[in-house]
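I opened a new notebook page for this model.

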Amino acid sequence: MDSRTQFRRIRFDDFVVDLRTGELIKDGNPVHLQEKPFQILVLLLERQGDLVTREELRRALWASTDTFVDFDVGLNTAIRKLREALGDSADNPQYVETLPRRGYRFIQSVERDLPQSNVEIVSPPVSPAADVPQERPRV
């Protein structure tokens, strides 16, 4: 993973994107998002408010593939899955705006480099044995 994304988090609306772990979190709960839609989300978030062209997305996400991929179908599918995960709509976008035949733009405001302590992530209950403090080594 790129060192500039180490420990980075980006928050928008009720979502947090953890670039270190590759997770999308909503209200403290992980949201399932496949790799390509997640990569598109990251590119859009990094350029929030700016047009990210279809060509830029193709070069960033599909250029190195050795397998023939119908780019238009792949991109349209990834954008649809991204919108589904965000609860967004192409007709009335809250997050991802389509600029026809040109590309996409992330239109929601974002907070970058959010410290982990500001994010509440819901975790499963911890067993009582895990609550017992462990002995610290002497220095």
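My entries follow, from the whole chain down to single residues.

**Ground rules.** This is a predicted model: I take local features only at pLDDT of at least 70 and side-chain atom pairs only at pLDDT 80 or more, while totals for chains, interfaces and linings use all residues. Residues are numbered from 1 along each chain as its sequence is written, and side-chain values use heavy atoms, with hydrogens and water left out.

**Whole chain.** I looked up the elements and found 3 helices and 8 strands in the protein chain. Helices (H or I, at least four residues) and strands (E, at least two) are DSSP runs, numbered from the N terminus. Their order from the N terminus is β-β-β-β-α-β-α-α-β-β-β. Of the 139 residues, 32% count as buried. Buried means under 20% relative accessible area, exposed over 50%, partly exposed in between (1.4 Å probe, protein chains only). I also checked contacts, meaning heavy atoms within 4.5 Å. Of those with a separation of 6 or more, 52% join residues 24 or more positions apart.

**Core.** Which residues have the most contacts inside the largest nonpolar core? I noted F12, V17, L24, I40, L41 and F106, in a core of 29 residues. Such a core is a set of buried Ala, Val, Leu, Ile, Met, Phe, Trp, Tyr and Cys residues joined through side-chain atoms within 4.5 Å. β1 (9-12), β2 (15-18), α1 (35-46), α2, α3 and β7 (103-106) each give two or more residues to this core. The largest share, 7 residues, comes from α3.

I then followed F12. Leaving out residues up to four places away in sequence, F12 touches V17, L24, L41, L45, L86, Y95, F106, Q108, S109 and V110.

**Helix α1.** I counted 12 residues in α1. α1 reaches 16 Å from its first C-alpha to its last, close to the 16 Å expected at 1.5 Å a residue. The expected span is 1.5 Å times one less than the number of residues. The buried residues of α1 are P37, F38, I40, L41, V42, L44 and L45.

**α2 against α3.** The axes of α2 (residues 54-61) and α3 (residues 71-86) come within 11 Å and cross at roughly 95°. Axes are lines fitted to C-alpha atoms, for helices over the stretch in contact, and angles run from 0 to 180 degrees between N-to-C directions. The two helices are therefore roughly perpendicular, the term for 65 to 115 degrees. R54, L57 and R58 of α2 meet F71, D72, L75 and N76 of α3.

**Y95.** Is Y95 buried or exposed? Y95 counts as buried, at 3% relative accessibility. I found Y95 in the loop between α3 and β6. The C-alpha atoms of Y95 and I107 are separated by 5.2 Å, though they are 12 residues apart along the chain. Among the residues that Y95 touches are F12, F15, L86 and F106.

R8 is found in the segment before β1 and is buried, with a relative accessible area of 13%. Its contacts include D18, E46 and D113. R101 is found in the loop between β6 (96-99) and β7 and counts as exposed, at 81%. Phi of R101 is near 60°, a positive value in a residue other than glycine.

**D27.** I logged a positive phi here too, near 50°. D27 is found in the loop between β3 (23-26) and β4 (29-31).

Key
Parallel < 35°, antiparallel > 145°, perpendicular 65-115°, else oblique.
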